[in-house]
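Hi,

Here is the structure I promised to send over. My notes on it follow below.

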Amino acid sequence: MSAPETSTPSAARVQPSIARARTGRIATSTAIHTVLFGYTIIALFPVVLVLLNSFKTKRAIFGDPLGLPFGKTFSAIGYLDVLHKGDFATYFTNSFVVTVVALFLIVLLGAAAAHALAEYRFPGNGFLGVYLIIGIMVPIRLGTVAILQMMVQLHLVNTLTALILVYTAQGLPVAVFILTEFMRTLSRDIKDSARIDGLSEYRIFFEVVLPLIRPVLATVAVFSMIPIWNDLWFPLILAPGEGTRTVTLGVQQFIGQYTVNWNAVLAALTLAIVPVLVLYAFFSRQLIRGITSGAVKG
Amino acid sequence: MAQLSLSAVRKAYDKHVVIPGADLEIADGEFVVFVGPSGCGKSTLLRMIAGLEEITGGDVRIDGQRINELGPADRGIAMVFQSYALYPHKDVYGNMAFALKHAGVDKAVIEERVSKAAAILGLEPLLKRRPKQLSGGQRQRVAIGRAIVRDPKIFLFDEPLSNLDAALRVQMRVEILRLHQRLKSTMIYVTHDQVEAMTLADRIVVLHGGRIEQVGTPMELYHHPANLFVAGFIGSPKMNILAGTVEAASADNATVRLAAGASISVPVGASPAPGAKVSFGVRPEHLAIADAASASITGTAQVVERLGGETLVHVELADGATLVVKTDGECLARVGDIVGVTAQGAHCHLFDEAGLCLPKAEKHVLAV
């Protein structure tokens, strides 16, 4: 008889506390989403502004920067300029080649270096690790003069190779840093198991280690991609020639000392976003696949 | 199918010596278990046999051929790891076929061998699954299957059951034993669990601090431990060790007076001179609770652990030493009771001051 009497009031006491916890959770989640939504708006605002104004007449851009391109204000003159003045197809190809090849080298060499640092015991391992990573703290632009001199001597000025080499060097320290930390968490047994299965050290790297760290490789690629694509400094210094210009450099021809062809600038910038988005979509699919495959692990 | 021999095998990292020198002969088809506390060098020794760890000195031979410099894949061994070490991006079939594919074995042969191994281990319905879709026991079965497929001369197991839960461990233990009976291959198995060692092994190698303390059949180690370490390590609960002095000695017997007062006669062969200090060892299962008035050893029951079928009584003696007595489940002793303890002298052991066991007068019937 006493059991239900004692359980009912305690149940009644528990109920409101659960309800309170639930409203608390909803409030927290609303707050988080408000902040995230706000951040999204701030982040997207300039992009949307560029996109909208790239379709407007110059008068409309300055008269009503926030207005939609509609009726009289609509104009594709910017895109026509981009297509006719300057060789933007080449610029895009250049940017794309430089970015993709540099990313490939960063990921491949970074992963190889990280694997060696994490897997093998050799004298100077610790020192080498610090040496490879210290580049994070030294901006590569400090070495611009030396790099330029070197490229001149190697006859690499005005080639995409120069840019690819510089960007690979720029991206490697962070890549080695992130990948080494991750490689250390890989199970030693699985590599030993591959050794017993008769794989050479190279095949272990390519066939066992790389597939295991694919999501991290994608993360590194995404991190390294944007600074390369957006860079103006090195294309301006190392490869300003017509045939080797990248998109960011190509756009500069519309920015004169006295007048700026805003329509063309905005149109070119809009177009420049597209390839990055494609690359990002490609990498992030790898990223998400990696994350979920980890999450389901029993 | 192979015979393995280690002679003076050493392992050192720079100046830090892990294994000072191990000698061991393993016969063809034998199931040998390396057992010892963590850090005793058992895994290192196994990894040296596997070729995953460089051999600092000495020789490892398989069928008489020195294999020190051979790579792991060329030694004709297969290894099963504690963490299963399956390739997560390959399905069960891919995992099992991987080594053969690399060796360039014909596709039809691979298929035949994999399906044979899968049949032995009951893995047929799982061949298309990824490791992450399998339970712990299934994963370990795949790892064993991967070893079987390679048809190795020697199977190496590195604590293969330590990641499984208790029930599964018992089940897999039986499966490994059956596998050994079926394949009749040489197997070397590393574990820190003495129950696994006792149940699986033809012979057990007890390691401690990088040294081989004793090699023998499970019953040999149980009845004739070589020294205090093996005596304490094999058997659960641990053997009781008490301090004592030899009172009288004959050709096949020694009478020992314990620090607590009682004197017991133990059948040892070459016994030391009267007056020598010895350690007296007796297993909890060879002690019995008796009437306090008549028994030679008496003490207070400090802890009574009832396991249902049996009872462990921890008895504190007059000099402060504790004896664990394993008795039947019906034992009525309660905490605080004064109880008597009797020991079966035939099952007791004496250890000299260096910790070495004095040889018994006769070998136990099971210890052959």
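First, a term: I call two residues in contact if their C-beta atoms, placed from the backbone, lie within 7 Å. This is a predicted model, where local features need pLDDT of at least 70, side-chain atom pairs count only at pLDDT 80 or more, and totals for chains, interfaces and linings use all residues. Residues are numbered from 1 along each chain as its sequence is written, with chains lettered from A and ligands numbered from 1 in the order in which they are written.

On the interface: 16 residues of chain A are in contact with 18 of chain B. On the chain A side, α8 (188–196) and α9 (201–212) each supply at least two residues, and α8(A) gives the largest share, six. Helices here are DSSP runs (H or I, at least four residues), as are strands (E, at least two), numbered from the N terminus.

Now the packing. A residue is buried if 20 or more other C-beta atoms lie within 10 Å of its own, and a nonpolar core is a set of buried Ala, Val, Leu, Ile, Met, Phe, Trp, Tyr and Cys residues joined through C-beta atoms within 7 Å. The largest such core has 146 residues, with Leu163(A), Leu179(A), Val33(B), Leu156(B) and Ile188(B) making the most contacts inside it. Helix α7 of chain A (residues 160–185) provides the largest share of this core, 13 residues. Beyond its neighbours within four places in sequence, Ile188(B) is in contact with residues including Ile26(B), Phe34(B) and Leu156(B).

As for chain B, it has eight helices and 20 strands, and 40% of its 368 residues are buried.

Cheers

Notes: Buried ≥ 20, exposed ≤ 12 C-beta atoms within 10 Å, placed from the backbone.
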